[in-house]
Amino acid sequence: LRDVWTNKNTRRKMSIKTILYWVARIIVGAVFTFSGFVKAIDPWGFTYKIQDYLAAMGDAMTIFADLAFAGAVVLSAIELVVGLCLIFGIRTKESSWIAARLMLVMTQLTLCVAIENPVQDCSCFGDALIIDNWTTFWKNVVLCIFIAYLLFQAKNFKSTISTQKQWLFVGYSLIFSIALSIYCYCYLPIIDFRPYHIGANIEEGMSIPDDAEQDIYDIKLIYERNGEQQIVSLEEYDQLDSTWQFVDQQTTLIKKGYEPPIHDFTIDTEENGDITEEILADDNYTFIIVAYDLTLMNRSEEVMNQLRDLAEFADEQNYRCILLTASIPTDIEKFKEELDSDNVIFATTDKITLKTIVRDNPGVLLIKDATIFNKWCVNTLPEFEQPLESSEFATIANPHETQNVLLVILFYLFPIAIVMFF
């Protein structure tokens, strides 16, 4: 009886350990897979965030800015592969050690970011899920606990898949992730999580609800009398008599209120000033060429001809064609001469906004009634031959995001299935 009881307890303990191990493995794997995937399909977005981090660390770190894109592709691939390996139980010990090293760095980094707040969003999950810096830090702490358990139990769980097949899985997953990033770099992200996605209404994205939470500030007033300074609140300042002279005001943001998804979109022209409302209210089609930096823009002859043809088509059909940039006036004038087209309205806006609108330099938006009907990079920009009203572009495009994701999953799992089961 004692042996039976002991065996039952042993089996129960092993069952609990197995369940906990599976739960920890799936949770960590799912987080790493999701994080790696949303970054892999938006390599430019992750690149911009890395550049923001480097700029926040000081001028000395900006020398690595040119390596940001390669770093973004590699880091997202490592995250995605580690996550997939943990989910499928492939090289779990090695994957757990890589995850532990990544989290050791990222947890310290996110703690510094949470304290110093150099960037508002750590971009752990790209634009798919935006969380504040302190939430990110505590999320990393919880992940570290799960990863520590995985490492502690690693010796008790062995994969039944052969070593050769496991390394084939790792190699294929790594190549697949890098190929996915390159594809999305050339043809825009297969899922657009940003507020400027196809079908979005820019005016609605800029609106603030009447009951929206407002910013909360702590305001201190500094007064001086006979060389003595006194700091008082707004509620206390009326207690001071007229002998006290106002010196300065200190304003500290205590709590950030509601900020609309689109909050920095403007179209400023040299001739007519701000024409944002006019463009958004227009019930005719407008092409917006987005080029955040004209000096870094793809200015090959093929691309320049594409833009000239687009401007000429817009002029023939009585549509507007606006080039929106954040470049300085001298660079704009040089580009005007090179483009040599009188059919383009040049306007400026915030650089970060332009980077958010489309992940290409240049990219093209088609809007009507403030709604984004379509979006293209230069590699997918079509040749327009007939009026938009009588073409496929007369209605809001279907980005087929669900279909794209299913195709990605199919292209990934089909070769994996062949390797694992045959």
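Helices (H or I, at least four residues) and strands (E, at least two) are taken here as DSSP runs, numbered from the N terminus. The model is predicted, with local features needing pLDDT of at least 70 and side-chain atom pairs counting only at pLDDT 80 or more, while totals for chains, interfaces and linings use all residues. Residues are numbered from 1 along each chain as its sequence is written, and side-chain values use heavy atoms, without hydrogens and water.

The second largest pocket holds about 740 Å³ of space, a pocket being an open set of points on a 1 Å grid over the protein atoms alone, where a 1.4 Å probe fits, with protein on both sides within 12 Å along at least five of seven lines. Its volume is the space filled by probe spheres set on the points. Among the 27 lining residues, those closest to the pocket centre are Y183, Y187, P189, I190 and N404, lining residues being those with an atom within 4 Å of a point. Helix α12 contributes the most to this lining, with six residues.

K355, in helix α11 (residues 351–357), counts as buried because its relative accessibility is 16%, where buried means under 20% relative accessible area (1.4 Å probe, protein chains only).

Conventions. Buried means under 20% relative accessible area, exposed over 50%, partly exposed in between (1.4 Å probe, protein chains only).
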